[in-house]
Amino acid sequence: MNGRTGGDNARILLAGAGVRGAKWARVIAEAPDAILAGIVDLDESRARRARDQHAPDAPVEREFASALAHVPADAVVIATPPDSHHSLVSQAFDRGLDVLCEKPLSDEMDEVLDLIARADNAGRHLLVGMNFRYLPTSQRIRHYAQSGELGDLSYGHFTYHRQRDGNRHDLNDYVMTMAHPMLLEQSVHHFDLLRYCYDAEVESLACDTWRPSWSTYEDDCCVSVLFRFENGVRANYLGTWTAAWNRMDFRWRTEFEGGALIQREQFEDLVRVDFDRGLGLRGSNFKGDAEAETPVPEPLAPCTAFIDDTRELLAEFLRAVRGEVEPVTTARDHLKTLLVVQACIESMEKGTWVRLRDVHERFAAPGHGGFVTNDGGRSNEEPGLSS
C-alpha cells in the first residue's frame with residue numbers, strides 16, 4: 001500500500017470463494033474502508049456467485065498469479081486450503097501486498113517460519129484468521145483475566161462436542177482425509193482462545209487423540225488435553241467433531257479467586273458468578289440452583305457469528321495496513337498456537353507430558369519438516385484455491 005493515504009479505501013483481493021471465502025466476500029464488501037477488488041477461485045462459478053452477491057463490478061479470476069497482474073489491489077485475504085497458503089502468500093509479498101491468511105498458516109512448520117521471514121524481509125503485515133478472538137464473549141473473558149476484577153485466574157475447563165458430518169455440502173471436505181483434522185482445523189481455534197483470553201503462554205501439556213468408529217474423518221477427530229500455563233494456570237480441554245448427539249454442546253468455565261465465568265454457547269451466553277465463600281458452610285453439601293450463587297449474564301454486544309468477529313479482524317488488518325496500530329493477530333503469534341498443536345501431536349505419540357520450550361527450540365532450527373502424523377509422515381492435502 002505504499003503511496004496510499006490513510007483516507008483511501010483499501011482495495012482487497014480475495015483468494016477463495018468457498019465456505020469461508022463467501023463470508024469474507026460479504027465482510028470486505030460491507031466494510032466502510034475497503035473495496036472488494038476481485039475474487040479468485042479455481043471454481044469460477046463459485047467466484048461469480050460471491051461477486052454477484054457482494055460486489056457486482058469486481059473481476060473474477062481463476063489463477064492467482066493472473067489476478068495479481070491484472071487486479072489493482074493493496075492487500076490480499078486468502079481463504080483457501082492450507083496447502084496453498086505458502087505459495088499464495090509468497091506471491092502476494094512479491095507484489096508488495098499485505099496479507100491476511102486463514103488458519104492454519106500452513107501444515108508445514110518450515111513454511112510457517114519461511115512466511116514469517118518473508119513478511120519481515122518484505123516489510124509487510126501477515127495476519128492469520130483467528131477471528132474467534134473478536135467474539136464479544138472472548139473479549140470479555142480476556143478483560144477479566146487482565147483486569148483482576150475477579151481476582152487471580154486459577155483454572156479453566158473447555159468442552160466442545162459437535163457432530164460435524166464431513167459429507168455435508170456446506171462444509172469444507174478437504175479435512176475428511178487430512179491428518180489430525182480436529183487439531184489443525186478446530187482445536188487450533190480453542191487453543192488460541194485459551195492463550196489469548198487467559199493472556200498466558202502454555203508451559204507444558206499432555207494430550208490424547210482418537211477416532212470413534214462412526215466418524216466421517218479418516219484420522220483422529222477427538223482431542224483431550226491437560227494444559228499447564230507459565231503463570232501457573234491449568235486448563236482441561238475436550239473437543240470432538242464426532243459426537244453421538246447432534247446437539248451442539250459448548251461450555252467454557254473459568255475459575256477465578258473471586259468467582260467464575262461460564263460461557264454456555266459457542267458465540268454467546270456468558271455468565272458471571274460472584275463466589276460467596278461462606279456459603280459453603282451453610283445449607284446442603286451438594287447445592288442446586290436454588291441454594292448456590294445466582295449466575296448473572298454478562299452484557300455483550302449483539303454478534304452474528306462468523307461475520308461480526310470477522311469484521312473486527314478485518315478492522316485490525318486495515319488499521320495495521322494504514323500504519324495506525326501494531327497488530328496482535330499476527331503470523332508470529334499464530335506460530336505459538338501452532339507449536340501448541342505440534343506439542344499435542346508429540347505428546348499423543350510419546351504418551352508423555354511435553355514442554356513447549358523444547359518444541360520451540362527444536363522447530364526454530366532449520367530442516368525440521370512439518371507436523372508429525374501418527375505414522376511419522378506429514379499432514380498433506382490436495383492443492384487448490386477453493387475453500
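Visitor: How are H7 and H9 set to each other, and which term describes that arrangement?

Guide: This is a predicted model, and in it the axes of H7 and helix H9, residues 331-350, come within 9 Å and cross at roughly 120°. Angles from 65 to 115 degrees count as roughly perpendicular and those over 145 as roughly antiparallel. H7 and H9 are therefore described as oblique to each other.

Visitor: Is the crossing of H7 and H9 left-handed or right-handed, and what classes of residue form the contact?

Guide: H7 passes H9 in a crossing that is right-handed. On the H7 side the contact uses Leu183, Leu184, Val188, Phe191, Asp192 and Arg195, which meet Asp333, His334, Lys336, Thr337, Leu338, Val340, Val341, Cys344 and Ile345 in H9. Sorted by class, the residues of this contact are 9 nonpolar, 2 polar and 4 charged.

Visitor: H9 also packs against H10; what is the orientation of H9 to H10?

Guide: Helix H10 spans residues 356-363, and H9 packs with H10 at an angle of about 105°, their axes being 10 Å apart. An angle from 65 to 115 degrees counts as roughly perpendicular. The orientation of H9 to H10 is therefore roughly perpendicular.

Visitor: Which residues bring H9 and H10 together, and how do they divide by class?

Guide: From H9 come Leu339, Val340, Gln342, Ala343 and Glu346, and they meet Leu356, Val359, His360, Arg362 and Phe363 in H10. Val340 of H9 is also listed among the residues that meet H7. By class, the contact of H9 with H10 comprises 6 nonpolar, 2 polar and 2 charged residues.

Visitor: How do H6 and H7 cross, and what is the class make-up of their contact?

Guide: The axes of H6 and H7 come within 7 Å and cross at roughly 45°, and the two helices are therefore oblique to each other. Ser138, Gln139, Ile141, Arg142 and Ala145 of H6 make the contact with Leu193, Tyr196, Cys197 and Tyr198 of H7. The classes in this contact are 6 nonpolar, 2 polar and 1 charged.

Visitor: Which elements give two or more residues to the lining of the largest cavity?

Guide: The structure holds 1 cavity of 30 Å³ or more, and the largest cavity has a volume of about 70 Å³. Its lining consists of Phe132, Leu135, Thr137, Ser138, Phe158, His190, Leu193, Phe250, Trp252, Gln263, Gln266 and Phe267. The elements that give two or more of these residues are helix H6 (136-147), helix H7 (181-198) and strand S11 (249-256).

Visitor: Which residues are closest to the centre of the largest pocket, and which helices each supply at least two residues of its lining?

Guide: The largest pocket has a volume of about 610 Å³, and of the 26 residues that line it, the closest to its centre are Val19, Arg162, Arg164, Gln186 and Phe306. The lining divides into 11 nonpolar, 7 polar and 8 charged residues. The helices that each supply at least two lining residues are H1 (19-30) and H7.

Visitor: Which two residues does a cis peptide bond join?

Guide: Proline 104 lies in the loop between strand S5 (98-101) and helix H5 (109-122). With omega at about -20°, the cis peptide bond joins lysine 103 and proline 104.

Key: Residues are numbered from 1 along each chain as its sequence is written. This is a predicted model: local features need pLDDT of at least 70, side-chain atom pairs count only at pLDDT 80 or more; totals for chains, interfaces and linings use all residues. Side-chain values use heavy atoms; hydrogens and water are left out. On a 1 Å grid over the protein atoms alone, a cavity is a set of points where a 1.4 Å probe fits but cannot get out, and a pocket is an open set with protein on both sides within 12 Å along at least five of seven lines; lining residues have an atom within 4 Å of a point. Grid points are joined across faces, edges and corners, and a volume is the space filled by probe spheres set on the points. Helices (H or I, at least four residues) and strands (E, at least two) are DSSP runs, numbered from the N terminus. Axes are lines fitted to C-alpha atoms, for helices over the stretch in contact, and angles run from 0 to 180 degrees between N-to-C directions. Angles under 35 degrees count as roughly parallel, over 145 as roughly antiparallel, 65 to 115 as roughly perpendicular and the rest as oblique. Contact means heavy atoms within 4.5 Å. Ala, Val, Leu, Ile, Met, Phe, Trp, Tyr, Cys and Pro count as nonpolar, Asp, Glu, Lys and Arg as charged, and the others, Gly among them, as polar. A crossing is left-handed if the near helix is turned anticlockwise from the far one by less than a right angle, and right-handed if clockwise.
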